[in-house]
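Open the model in your viewer and keep the selection panel at hand. The tour goes stop by stop.

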Amino acid sequence: MDVRAVGCVLLLPIQILYHTLRAGVRLLLPGRRRDLSGDVVLITGGGRGIGRHLAKEFAKCGAKKLILWGRTEKCLKEACEEINLMGTECHYFVCDVANREEVYKQAKVVREKVGDVTILVNNAAVVHGKSLMDSDDDALLKSQHINTMGQFWTTKAFLPRMLELQKGHVVCVNSILSLSPIPGAIDYCTSKASSLAFMESLTLGLLDCPGVGCTTVLPFHTNTEMFQGMRVRFPKLFPPLKPEVVAQRTVDAVRTNTAFVYLPWTMHALVILKSILPQSALEEIHKFSGTYTCMNTFKGRT
């Protein structure tokens with residue numbers, strides 16, 4: 001081992017300590033937030049749920065223009081009108097992110113009619129809500145195509161221009177279920193785990209790209225119609241998140257260039273416990289919290 005390599009090895013713990021302390025200071029003393037007044041924000045699944053709240057939050061924070069994508073025109077139109085009434089220019093386009101050619105076609109239309117997208121929010125998702133043996137093959141494929149592959153197509157469509165402009169941000173609204181799966185949602189958990197790996201790889205790949213960043217948000221169960229009927233054992237101990245809170249924290253993470261956000265903050269403990277506890281102990285935690293049976297009453301939107 002040469003002198004330079006030895007120096008790098010000795011320097012590594014110092015660098016780790018420095019960046020850990022720096023992150024701690026940023027938590028206590030947040031720095032300057034990104035000005036969104038020049039940003040064009042595109043949100044997939046923007047017609048309802050978290051996506052709709054994200055649109056309103058970006059508008060409140062001064063985004064220049066908003067673009068909503070989704071599969072249901074009625075919801076998109078209503079959300080778009082609501083944003084326009086807030087005084088922010090908003091456009092909507094019917095687009096199924098699972099359809100690669102449709103994504104590329106609509107991305108071209110967006111650039112021509114609205115302008116360059118500088119913040120891409122991959123929020124569109126579906127959940128089938130059944131066990132593997134009870135799941136229809138086409139429904140399983142639908143979850144993978146929308147929740148995972150859709151991110152590939154949207155990111156490939158808009159990231160190149162962000163890199164050219166040296167200005168952009170790719171956001172993924174993921175789920176804590178990508179790290180702690182539950183029975184009865186095998187399609188959703190699998191697709192979200194793939195989505196998380198996609199974002200982790202993308203985040204590292206963009207480290208040397210000036211002006212372009214990534215944010216991945218991993219929320220606990222959120223009170224939207226997607227997971228309607230899902231019940232945890234102790235709702236007062238583990239209350240569902242409000243979609244507007246998820247939206248606020250997501251936009252704030254974009255403005256502070258935060259790479260990963262766990263909601264609520266107690267989800268950090270779950271990640272740590274999963275790393276150190278044996279499987280049998282984790283199973284007891286799942287039984288206690290009711291995650292083994294929480295999807296038995298599921299009747300959400302797919």
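Start with β6, helix α7 (residues 243-255) and β7: together they make a left-handed β-α-β unit. A crossover is right-handed if, with the strands pointing away from the viewer, the path from the first strand over the helix to the second runs clockwise. Helices (H or I, at least four residues) and strands (E, at least two) are DSSP runs, numbered from the N terminus.

This is a predicted model: local features need pLDDT of at least 70, side-chain atom pairs count only at pLDDT 80 or more, and totals for chains, interfaces and linings use all residues. Residues are numbered from 1 along each chain as its sequence is written, and side-chain values use heavy atoms, leaving out hydrogens and water.

Next, select strand β7 (residues 260-263). It runs parallel to β6, joined by four bridges; strands pair if DSSP finds at least two bridges between them. Proline 219 stands opposite leucine 263 in β7.

Now show β5 (residues 168-173). β5 and β6 pair in the parallel sense over six bridges. Histidine 169 has glycine 213 in β6 as its bridge partner.

Eight of its eight residues are buried (under 20% relative accessible area, 1.4 Å probe, protein chains only). One side carries Val212, Cys214, Thr216 and Leu218.

Last, select arginine 52 and glutamate 82. Their side chains meet in a salt bridge at 3.2 Å, N to O (a side-chain nitrogen of Lys or Arg within 4 Å of a carboxyl oxygen of Asp or Glu). The pair links helix α2 (residues 49-60) to helix α3 (residues 73-85), 30 residues apart.

Conventions. Buried means under 20% relative accessible area, exposed over 50%, partly exposed in between (1.4 Å probe, protein chains only).
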